[in-house]
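My entries follow the display.

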Amino acid sequence: MDSQKTLSPHILIFPLPLQGPVNCMLKLAELLCLADFHVTFLNTDHVQHRLLRYTDVQSRFTRYPKFRFQAIGDGLSEDHPRSGDLFTEMVDGMEAVTYPNFTEMVTSGNLSSKSEQPVTCIIADGLFSFAGGVAQQIGIPLIYFETISPCGLWIHLCVPKLIEAGELPFKGDDLDARITCVPGMEGFLRRRDLSSFCRSCDPTDPLIKLILKENQELQKAQGVIINTFEELEGPLLSHMRSLCPNLYAIGPLHTHHRARLGTSHATFSNSLWEEDKSCLAWLDAQPLKSVIFVSIGSLAVMTKDQLLEFWHGLVNSGKLFLWVRQHGSIAGDITESQIPVELLEGTRKRGCIVGWAPQEEVLANPAIGGFLTHSGWNSTLENIVAGVPMACWPYFVDQQVNSRFVGEVWKLGLDMKDTCDRVIVEKMIKELMEERKDEFMGRANQMSKLARKSVSEGGSSFCNLDRLMEDIRVMSL
Ligand code: UDX
């Protein structure tokens, strides 16, 4: 037998340089290390710098001698915000700068040291359509990792069909009109639940172009990993398998990671911002299920007016609140003199505001009784596991449909998309944490149990991860 083939497979993992994707793909990387794979984890310089600065990943991964980090440029200056509307600039920069460097890095064989075999499999973010050509060039398998929600991904896969059927671009401006040709979502999917770029549906929109390209490449890959569990989205996954037969549903990854490592959530952080852990002590001092946690993730940006509407709604609800206000999540600066005194007073009495929180630990704290979220997929999954009812204020991409699923399909909370009004914020918080609390808590507990079961031995995600690892071994021969 060729001596190289007796070495363990060498997987190159390349996440989209954003908090959610980096977080869950690092967890997958560690699960693969536990199973004795060689793993090279490729970050952009920007992400790598932040990860090393704010976490202990470097020392955490030293226990895996076959793991290493590698970094690559993304073509943007260090102080570029890489969020909100500027997200597409990041994608353009990667296309122009990262793609050629990535091709050179992988095809030259420079990624491997003498002690390991060359890369035998690539796991890349689903948006990296360029990875397909590179894998093909050196004759190795490519598995995409789709870090957005499967319900969002399924809509993206149906975009050509929507265009063909004349449902896109929208005719007229009724955003409540139903969408009929996304199989599995007939009856409840409205125009407003589609990704925000569908509202303009300009064929020159970079996101539309990106998604159409992604659709083509996804169907050519050897497999697609998704961060979900069969029990949450079973019928939808059956539809998706008609286009991508080799689908691996291995989530919720953060719980799967914990289950296989046998550790508590407090042990790990993959944060790209410094976590302010003081909020944990604040939470510990609050009564059971009394606090609403507010966070809009790493990319969403709210205007000053929206900030004030949220703030009034929170204070007027009379509830305790823990609010993550990441630097960059508010468009422009707001000075203290622009803040009404009743908000400052209400926050002093009942609020805690931090720049970045240890979110998994926060959601697991018994004081949390609700989550006001942007419906990013990682946040949604983390919350499903924590069993906390949600009020959703989606910003873009899959978040629009995630919030529809939370409200209409899973019935885990409320969807406040396209509104940002203090009266509605107050009403939703009260509905979530008082009027319909038992109903939402009951559903949330049920779903949380199913999620945990799926990653325990013999569960659906547990078996799917074993199958993924076995398939990679076979493909790497
Ligand atoms: C992006 C997209 O916005 C989202 O639609 C898509 O589903 C995934 O990629 P992002 O904005 O980063 O995600 O949101 P999300 O997917 O929810 O990930 C945020 C991550 O940051 C979560 O893992 C969360 O635990 C973490 N986080 C957030 C913190 O650790 N601390 C915080 O204070 C806030």
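**Notebook entries**

I note that the model is a predicted one. The strands concerned are β8 (residues 291-295) and β11 (residues 368-373), which pair in the parallel sense over five bridges. I then followed the order of the open sheet and read β10-β9-β8-β11-β12-β13, six strands with parallel pairing. β10 (351-354) and β13 (413-415) stand at the edges; each has a single partner strand, so one side of each is left without a neighbour in the sheet. For the twist from one strand to the next I recorded an average of 15°.

*Ligand.* I looked up the shell around the ligand and found 26 residues, of which Gly20, Gly297, Gly376, Trp377 and Ser379 come nearest. By class, I counted nine nonpolar, 14 polar and three charged residues in this shell. Three helices, α1 (19-34), α14 (359-364) and α15 (377-386), each supply at least two residues of the shell.

*Cysteine.* I located Cys181 in the loop between α6 (150-164) and α7 (197-200). Beyond its neighbours within four places in sequence, I found Cys181 in contact with Cys158, Lys161, Leu162, Ala165 and Glu167. Lastly, I checked Cys181 against Gly370: the two are 189 residues apart in sequence and, C-alpha to C-alpha, 34 Å apart in space.

Definitions and conventions: Residues are numbered from 1 along each chain as its sequence is written. This is a predicted model: local features need pLDDT of at least 70, side-chain atom pairs count only at pLDDT 80 or more; totals for chains, interfaces and linings use all residues. A residue is near a molecule or strand if its C-beta atom, placed from the backbone, lies within 6 Å of it. Helices (H or I, at least four residues) and strands (E, at least two) are DSSP runs, numbered from the N terminus. Ala, Val, Leu, Ile, Met, Phe, Trp, Tyr, Cys and Pro count as nonpolar, Asp, Glu, Lys and Arg as charged, and the others, Gly among them, as polar. Two strands pair if DSSP finds at least two bridges between them. Axes are lines fitted to C-alpha atoms, for helices over the stretch in contact, and angles run from 0 to 180 degrees between N-to-C directions. Two residues are in contact if their C-beta atoms, placed from the backbone, lie within 7 Å.
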